[in-house]
Amino acid sequence: MNTTLYIDQKTTNYKLAQKQLTALLANETDVILKMATINAVLKQNLPYIYWVGFYISNQNKKLSVGPYQGTVACMHIDYGKGVCGSVASSEKTKIVKDVTTLAEGEEHITCDPNSRSEIVVPVFNKQQQLIAVLDIDSEEFSAFDEIDQNFLEKILSIFQ
Ligand code: SME
């Protein structure tokens with residue numbers, strides 16, 4: 001693979017996604033509509049995405065599945081469990097290059113056996129409280145890197 005071309009393509013795709021989201025969500029205040037639209041725009045622009053969706057945080061330190069695109073997802077995840085739950089606890093983005101080789105105690109929750117790598121990004125509101133995590137899975141190993149992290153964190157600042 002030509003890495004430079006690949007990185008350029010990724011950046012171009014994210015810039016297009018950002019442009020579309022700015023246009024689509026400029027006057028939108030509804031959180032669910034924003035989440036649903038972000039899923040659709042990301043999945044349309046980034047060919048390595050297999051599953052994309054939000055897990056919404058509730059007061060009992062549990063995550064419940066929100067808007068998503070892809071195969072049927074696990075509906076409930078406790079804070080601290082799997083990659084999504086660990087990001088909900090740490091409030092820091094996590095990139096997993098190979099979900100099959102996670103250490104004990106930080107297992108990937110296998111909702112779909114086709115998932116090979118993933119990125120999970122925390123979502124904050126204006127008060128800097130965690131409201132959700134964005135979970136993106138790929139059927140490719142090592143699909144996600146700092147480029148994804150930077151663009152996704154920027155895109156998700158729309159909730160603040
Ligand atoms: N990736 C998650 C589980 C959710 S599904 O992949 C949709 C995790 O291990 O937290």
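The model is a predicted one, so please read the distances and areas below as computed values. Strand β6 spans residues 130–138 and pairs with β1 and with β5. The ligand, for its part, sits in the largest cavity, and β6 is one of the elements that give two or more residues to the shell around the ligand.

**Strand β6 and its neighbours**

- Let's start with cover: eight of the nine residues of β6 are buried, leaving the strand mostly covered.
- On one side, β1 (residues 51–58) runs antiparallel to β6, and six bridges join the two strands.
- Within that pairing, W51 has D137 of β6 as its bridge partner.
- β5 (residues 117–124) is also antiparallel to β6, with eight bridges between them.
- β5 and β6 make up a hairpin, and five residues lie between the two strands.
- The turn of this hairpin holds Q128, whose phi is positive at about 65°.
- As a reminder for reading the sheet, side chains in a regular strand alternate between its two faces.

**The ligand site**

- Which residues are around the ligand? They are W51, Y55, G82, V83, C84, H108, I109, C111, E118, D135 and D137.
- The bridge partners W51 and D137 are both among the residues around the ligand.
- A polar backbone atom of V83 lies 3.0 Å from an oxygen atom of the ligand.
- A nitrogen atom of the ligand is 3.1 Å from an N or O atom in the D135 side chain.
- For D137, an N or O atom of the side chain is 3.4 Å from an oxygen atom of the ligand.
- Taken on its own, the ligand has 310 Å² of accessible area, and the protein covers 98% of this.
- The elements giving two or more residues to the shell are β1, α3 (82–90) and β6.
- Of the elements, α3 gives the most to that shell, with three residues.

**A look at helix α4**

- D148 belongs to helix α4, which covers residues 146–156.
- Is D148 buried or exposed? D148 has a relative accessible area of 0%, so this residue counts as buried, the cut-off being under 20%.
- Between D148 and I56 there are 92 residues of sequence separation, and their C-alpha atoms are 21 Å apart in space.

Notes
Residues numbered from 1 in each chain as written. Predicted model: local features only at pLDDT ≥ 70, side-chain atom pairs only at ≥ 80, totals over all residues. Heavy atoms only, no water. Buried < 20%, exposed > 50% of the residue type's maximum accessible area, 1.4 Å probe, protein only. Helix = DSSP H or I, 4+ residues; strand = E, 2+ residues; numbered from the N terminus. Pairing = 2+ DSSP bridges. Near = heavy atom within 4 Å. Polar contact = N/O pair within 3.5 Å; in protein donor to acceptor, adjacent residues only side chain to side chain. Areas by Shrake-Rupley, 256 points an atom, 1.4 Å probe, with all protein chains shown as cover. 1 Å grid on protein atoms, 1.4 Å probe; cavity = no way out; pocket = protein on both sides within 12 Å on 5 of 7 lines; lining within 4 Å. Sits in = over half its atoms within 2 Å of the grid points.
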